[in-house]
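Biologist: I would like to learn how to read the features of a model in a careful order. Could we take them one at a time, with the general idea before the case?

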Amino acid sequence: MRHTSAECVRKNFEYTPCRRVSAMSQAAPAIMSVSPSRALVDEAFMVLVENLPPGAPVTLRSLHQSEDKDHWEAYGHYVSDPTGAVSVTDDLSLGGTYQGKEAMGLLWSMRPVPGSRTGLRLRKLNVCSPMLVAISAYSGHVCDDFSQQPPLATVLTERWYMAPGVCRLDVKDRGVRGTLFIPSGPGPFPGMLDMWGGGGGLLEYRSALLASHGYASLALEYFAPGELASTDLEVDYFEKAFEMVRQHPAVIPDKVGILGLSLGTTVAMYLASESTVVKPTCCVCISGSHFYPRGKTLSGVHGDVRKIRMDENQNLIWRDLLEVSSDLSGKMDVRRINCPILLVNGLDDQNQATVEFAEDIFQMMRSVGKDHLLTRLEYPGTGHLIEPPYSPHFRATNFMWDSKKAKVTLLWGGQTKAHSHAQEDSWRKILAFLQQHLYSRPSPRARM
């Protein structure tokens with residue numbers, strides 16, 4: 001019978017955090033395996049270390065160097081079982097950046113190494129290359145300065161957003177900027193318009209992952225870096241982008257959905273409720289609102305800046321900028337929505353009152369008998385930035401506030417473990433929602 005790590009602790013020694021021991025003396029070196037070592041970012045892996053002394057304290061650590069040359073790490077403290085093995089999937093982490101039985105804790109609990117720049121956010125820029133993550137085992141329970149001893153074993157893993165065969169196309173047509181990802185295979189495929197928040201730039205990684213799951217997805221750029229171009233935020237820009245996806249020969253024209261986060265959700269809501277051109281098949285709206293001041297561009301959705309607060313670390317809290325109101329002149333008429341909508345929100349969102357907005361959306365749609373079109377996912381301990389699974393949690397990060405032309409640190413909210421589990425659960429349900437409404441048969445699942 002295989003003992004858990006906790007049982008081994010009780011039988012062999014009392015757990016002391018950051019207990020450093022001398023290198024293990026054994027006849028043969030430790031053997032580590034990570035399976036699969038090459039996978040999509042939303043695939044779980046299994047980490048196993050064998051050939052250790054029974055009941056030995058061991059630290060498992062992940063290390064990644066971002067494209068910005070910052071180093072990110074996570075680590076867990078384990079005790080080998082009576083056979084001399086540690087399984088991250090089956091055993092308990094007794095300390096480190098995560099605790100408990102957490103198969104993917106070495107990824108979702110990643111954080112910048114001590115001494116790094118503050119306010120960092122880990123995002124993949126070049127999706128044509130993998131995220132390289134080194135998984136290492138160390139003797140003892142180590143908390144810092146891993147360079148002081150050599151690892152017992154190391155395996156380099158590849159985490160991909162873009163599966164083999166996915167085609168990446170730069171888009172600069174009719175004023176629309178972005179990148180279109182087309183799945184592998186003959187097609188045609190359901191299409192997606194993928195929109196991020198107000199931070200600016202072109203972010204491709206979620207669209208690449210959607211294409212890896214069988215959706216032709218356009219990652220839309222509507223802020224150029226450092227630019228607040230209000231003309232690009234006019235509604236016709238987004239209508240053109242949607243039509244570009246719908247009319248592409250690789251896309252099924254009546255099976256096109258929209259996915260948005262933050263400001264991207266505001267745009268998605270507008271297109272679904274107010275546009276006379278765009279008729280989405282379904283929408284996924286993450287951490288956003290339906291508030292929109294009439295007569296302004298969508299960039300004008302800022303709210304009352306006098307209501308900005310600060311936490312004890314001087315991070316800006318924008319949660320109170322927009323408030324639920326019965327005044328229809330300040331919000332979209334979501335009663336006109338005629339497609340299924342999935343709302344994904346966190347109960348600890350410190351950037352917007354998204355749960356309250358979701359309730360208002362529900363009440364408005366229910367008033368005209370359309371609440372059956374609405375599905376709500378709400379997660380405790382979860383903040384604003386709900387990303388694909390196993391992405392590190394960012395409670396507060398740097399943000400370029402264009403209207404002030406200044407870099408600030410925004411509080412997004414969330415508790416690491418709860419937020420990370422919400423990302424995993426919501427992504428699975430997002431894919432199921434898209435499958436239900438955009439595919440009449442099981443969607444192709446690319447494998448690495």
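Biologist: Which residues are buried in H5?

Modeller: A word on the source before the case: this is a predicted model, in which local features need pLDDT of at least 70 and side-chain atom pairs count only at pLDDT 80 or more, while totals for chains, interfaces and linings use all residues. Residues are numbered from 1 along each chain as its sequence is written, and side-chain values use heavy atoms, with hydrogens and water left out. As for the general idea, buried means under 20% relative accessible area, exposed means over 50%, and partly exposed lies in between, with a 1.4 Å probe and protein chains only. Helices (H or I, at least four residues) and strands (E, at least two) are DSSP runs, numbered from the N terminus. In H5, the buried residues are Leu263, Gly264, Thr265, Thr266, Val267, Ala268, Met269, Tyr270, Leu271, Ala272 and Ser273. Helix H5, residues 263-273, is thus mostly covered, with 11 of its 11 residues buried.

Biologist: What covers the buried residues of H5?

Modeller: Covering is read from contact, meaning heavy atoms within 4.5 Å. The cover of H5 includes helix H4 (235-247) and helix H6 (354-366), together with strands S12 (189-195), S14 (251-261), S15 (283-286) and S18 (341-346).

Biologist: How should I read the packing of H4 against H5, and at roughly what angle do their axes cross?

Modeller: Axes are lines fitted to C-alpha atoms, for helices over the stretch in contact, and angles run from 0 to 180 degrees between N-to-C directions. Angles under 35 degrees count as roughly parallel, over 145 as roughly antiparallel, 65 to 115 as roughly perpendicular, and the rest as oblique. Here the axes of H4 and H5 come within 11 Å and cross at roughly 80°, which means that H4 is roughly perpendicular to H5. Val235, Phe238 and Glu239 of H4 make the contact with Val267, Tyr270 and Leu271 of H5. For classes, Ala, Val, Leu, Ile, Met, Phe, Trp, Tyr, Cys and Pro count as nonpolar, Asp, Glu, Lys and Arg as charged, and the others, Gly among them, as polar. By that rule the contact of H4 with H5 has 5 nonpolar, no polar and 1 charged residues.

Biologist: Which residues make the contact between H3 and H7?

Modeller: The geometry comes before the residues. The axes of helix H3 (residues 205-212) and helix H7 (residues 416-438) come within 12 Å and cross at roughly 55°, so H3 is oblique to H7. A crossing is left-handed if the near helix is turned anticlockwise from the far one by less than a right angle, and right-handed if clockwise; that of H3 and H7 is right-handed. The contact joins Arg206, Leu209 and Leu210 of H3 to Trp427, Leu431 and Leu434 of H7, and its residues comprise 5 nonpolar, no polar and 1 charged.

Biologist: Turning to sheets, in what order do the strands of the 6-stranded open sheet lie?

Modeller: Two strands pair if DSSP finds at least two bridges between them. The order of this open sheet is S2-S9-S8-S4-S5-S7, with mixed pairing, and its edge strands, S2 (38-40) and S7 (111-112), each pair on one side only. S4 and S5 are antiparallel over 9 bridges, with Gln65 opposite His71 in S5. Their hairpin has 5 residues between the strands, and Lys69 there takes a positive phi near 70°.

Biologist: Why is S5 described as largely enclosed by the rest of the structure?

Modeller: S5 is so described because 8 of its 9 residues are buried.

Biologist: Where is His248 found, and what is its relative accessible area?

Modeller: His248 is in the loop between H4 and S14 and is partly exposed, at 23%. Leaving aside neighbours within four places in sequence, His248 is in contact with Leu169, Leu180 and Ile182.
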